[in-house]
Amino acid sequence: MPNTAVVHGLDGLSAPAAAAAAVAPGAAAGSGTTPVPAPTWDTTPLDLDAYLARVRLPGRQSLPPTAATLRTLQRAHTAAVSFENLDVLLGRDMPLDTAALQRKIVHAGRGGYCFEQNLLFAAVLERLGFPVVRHLARVRRGSTRVRRRSHAILVAEADGRPWLCDAGFGDEGPLEPVPLAPGATVTTGDWTWRLDLEPPAGPAPEQWALRSLHPDGWFDVYAFRPEHHAPDDFESAHYWTSHHPRSPFTDRVVVQRGDDHVRHTLTDRTLTARYADGRLLRTELAPDEVVHVLRGTFGIRLGAQDAALLQQRVAELP
């Protein structure tokens with residue numbers, strides 16, 4: 001898959017900024033205290049060859065742990081795997097262990113939401129030799145209101161620099177890694193993203209903010225701090241997101257996918273195509289058309305039973 005990104009901001013990443021940005025999970029940065037033990041993530045069940053086939057990439061021999069490979073992997077993943085919350089609506093258990101994620105996304109041809117996709121992506125990156133730290137972010141979606149940490153992201157190191165990697169945000173998510181440097185930008189196709197390091201606000205320390213460029217200016221996507229998070233932190237955030245009635249994913253269909261030119265979203269029976277110039281096309285679907293769009297536009301493999309359950313679910317909507 002060709003690399004079409006234009007990246008700015010690498011030259012401005014000083015050694016101190018890089019060190020602050022990519023805090024090792026086993027260190028208490030700047031505290032002078034005993035390092036915290038690194039979290040244990042069991043990624044041994046990963047079938048790397050099966051994953052690479054799922055995202056239509058050649059074998060691992062052609063994927064050294066470089067920034068170019070990191071871009072290739074994220075482009076391939078976002079092109080092949082859609083953001084979706086269908087199992088939440090179907091009331092199914094959604095474990096985050098590598099074996100379960102692999103069964104669903106790799107072998108069953110499904111998509112997933114951020115915890116599923118980015119934790120699987122982290123396992124892939126680590127198997128290929130990339131140092132990876134898993135973080136939790138606060139989704140903004142155009143607002144600076146402080147929300148709970150409900151989004152999983154990754155910071156990976158390649159070519160001696162840290163990169164924000166996010167293969168699982170959906171419509172507004174970057175299609176390629178973004179250098180973790182103040183003011184760094186990445187342009188992929190018609191879309192541009194920028195990372196800003198926001199100064200401390202009162203007692204709150206500085207934090208990173210990812211923004212995407214809209215026709216009316218920069219749009220806040222999410223914010224995060226390079227803090228230590230254990231696997232149980234992700235389990236807690238995942239449980240809230242998939243069960244709590246205030247979660248945006250527990251009472252409606254949410255499916256998203258973006259490419260170089262258009263961002264498709266399906267919310268219940270409304271299919272939306274959004275373009276970088278501000279054009280917005282909406283189509284209201286019949287229940288049987290929803291299943292067709294899930295399989296076609298979003299590339300989600302659905303068996304007959306799941307298709308019937310989802311069609312019934314959307315048919316019951318007002």
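Analyst: The largest pocket is lined by 28 residues, and those nearest its centre are Val 139, Arg 141, Pro 248, Phe 249 and Arg 252. A pocket here is an open set of points on a 1 Å grid over the protein atoms alone, where a 1.4 Å probe fits, with protein on both sides within 12 Å along at least five of seven lines; lining residues have an atom within 4 Å of a point. Two or more lining residues come from each of β4 (149-158), α7 (231-243), β11 (254-258), β12 (262-267) and β13 (270-275). Helices (H or I, at least four residues) and strands (E, at least two) are DSSP runs numbered from the N terminus. β13 gives the largest share of the lining, 3 residues. The space in this pocket is about 720 Å³, a volume being the space filled by probe spheres set on grid points that are joined across faces, edges and corners.

The model is predicted: local features need pLDDT of at least 70 and side-chain atom pairs count only at pLDDT 80 or more, whereas totals for chains, interfaces and linings use all residues. Residues are numbered from 1 along each chain as its sequence is written, and side-chain values use heavy atoms, with hydrogens and water left out.

β11, β12 and β13 also belong to an open sheet of 5 strands, ordered β2-β11-β12-β13-β14 with antiparallel pairing. Its edge strands, β2 (83-84) and β14 (280-284), each pair on one side only. Strands pair if DSSP finds at least two bridges between them; β2 and β11 are joined by 2 bridges, and Glu 84 has Val 255 in β11 as its bridge partner.
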